[in-house]
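Hello,

Here is the structure I promised to pass on to you. Please open it beside this email, and then read on for what turned up in it.

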Amino acid sequence: MSFDVDALRSQFPALAQEGLVYLDNAATSQKPQVVLDAMAQFYAQDNANVHRGAHRLSARATRAFEGARHTLAKFINAPASEALIFTRGTTEAMNLLANSLGAMVLGPGDTVLVDEWAHHASIVPWQQAALRAGATLLPIPLGRDGRLDLAAYERLLADQPKVVVLTQISNALGARAPLGSWLPMARAAGAITIIDGAQSVAHDVIDVQALGCDFFAFSGHKMYGPTGIGVLWGRRDLLDAMPPYQFGGEMIHQVSFNQSSFNQLPFKFEAGTPAIAEAIGLAAAAQWLQGQDRQALIAHETALLEYARLRLSELDGITLYSAFEDNAGALAFNVDGEHHQDVGVWLDQAGIAIRCGHHCCQPLMAALAVKGTCRLSVAAYNCRDEIDRFIAALTDYVEFLYDDA
Ligand code: PMP
């Protein structure tokens, strides 16, 4: 299988910067030129507000915006584009669900499950929705092996939770949730299932119908698209039944001072002027990804991460966290006895960008009994040479520590 990483890299203007090794892709990825061009083209030629103008520019903007919805529905194999809601990202999608679905299905004594490696974007909205409803948010804990604990999950499902939120790929660890078996289990227990796909959307081919989840959320900026745009796809009957989340223009059918009626899907959940250029940019990113040999791209990323894992495991004084062979995108580690931020600053001096901190996963950090970790995360445009430069800089750091002792 041939995969030309140099040809791919050359499509990303930000990567041409001298000396930069960008290994912080789980936070956000760089953008290919086609995404930048799609957004510039919209502002230069078609800029107008969508859905309400009689003029030709508005018609073109509406076509491009609704075309983007259609492209993204195909990208995740959604059965209908009306059930694809544009949001600002995964965080807003989770807030929408926790507020709207939460108000519809949660009552006193109910439970909501979320995995222990969940991002705060999954935890906090559901925690607050549970508090409002008199319900309880319960974590699905990690087992001793660092994977999610199946026996604990089975016990928690026995109480028939109303909602189960699963993170397909952990942003902090790169570890995968076993959705193939866990989603049917949640469904059999009568739960509504929500997948946080913020990380998986860049590393897996997503098929929401094959997954069999009720809702799937992701952010554009982690899959080579712009910031400020994301997607919530959901089961149509549930979305139809759910109350609106935000109110204002676009989402209404009729308004008087006494009452309002609401628009149909997807507009019911898209109050106000949407992020039009960003939606178009995100569709360009999806088309760009679909235009690649996805399997070759995934194989490249997998091999690269495995290489990083092996090289890291050869170094003395490094603790790796949940670094499994099926990890995708990211690896977490610490230099023993060192603060993660110090490692990040050292690496930055060598031009290497990784992320150090709690990764918006404070409960996970508590479970791992650390304040934070260093995280290396790869995208399709990263190459072996960059991993070697990262390892060389980290080796220098460890040697510097020992010299100093
Ligand atoms: N979930 C996961 C797994 C993430 O990695 C992130 C982003 N770090 C989010 C949710 C939140 O995404 P956003 O900030 O784009 O809304």
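Let's start in a loop. Asn-77 sits in the stretch between helix H3 and strand S2 (84-87). Keep in mind that this is a predicted model. Asn-77 is not a glycine, yet its phi is positive, at about 55°. Most residues other than glycine have a negative phi, and most peptide bonds are trans. With that in mind, look at the bond from Leu-265 to Pro-266: this peptide bond is cis, and its omega is near 0°. You will find Pro-266 in the loop that links strand S10 (260-262) to H11.

Two packed helices are described by the angle between their axes and the distance between the axes. For H3 (residues 56-75) and H11 (residues 276-290), the axes come within 9 Å and cross at roughly 35°. The crossing of these two helices is left-handed. Which residues of H3 meet H11? Among them are Ala-64, Phe-65, Ala-68 and Leu-72, while the H11 side includes Ile-280, Ala-283 and Ala-286.

Next, the ligand. It has 13 residues around it, and those that come nearest are Thr-91, Asp-196, Gln-199, Ser-219 and Lys-222. For Gln-199, an N or O atom of the side chain is 2.7 Å from an oxygen atom of the ligand. His-119 also takes part through its side chain, where an N or O atom is 3.3 Å from a ligand nitrogen atom. Thr-90 uses its backbone instead: a polar atom there is 3.4 Å from an oxygen atom of the ligand.

Finally, the wider view. An unreviewed UniProt entry places the feature "domain: Aminotransferase class V" at residues 21-390. Over residues 21-390 the chain is 42% helix and 17% strand, with the end C-alpha atoms 8 Å apart.

Enjoy exploring!

Note on methods. Residues numbered from 1 in each chain as written. Predicted model: local features only at pLDDT ≥ 70, side-chain atom pairs only at ≥ 80, totals over all residues. Heavy atoms only, no water. Axes fitted to C-alpha atoms, helices over the stretch in contact; angles between N-to-C directions. Helix = DSSP H or I, 4+ residues; strand = E, 2+ residues; numbered from the N terminus. Left-handed = near helix turned anticlockwise from the far one by under 90°. Contact = heavy atoms within 4.5 Å. UniProt positions renumbered as here; feature names shortened; annotations may be inferred. Near = heavy atom within 4 Å. Polar contact = N/O pair within 3.5 Å; in protein donor to acceptor, adjacent residues only side chain to side chain.
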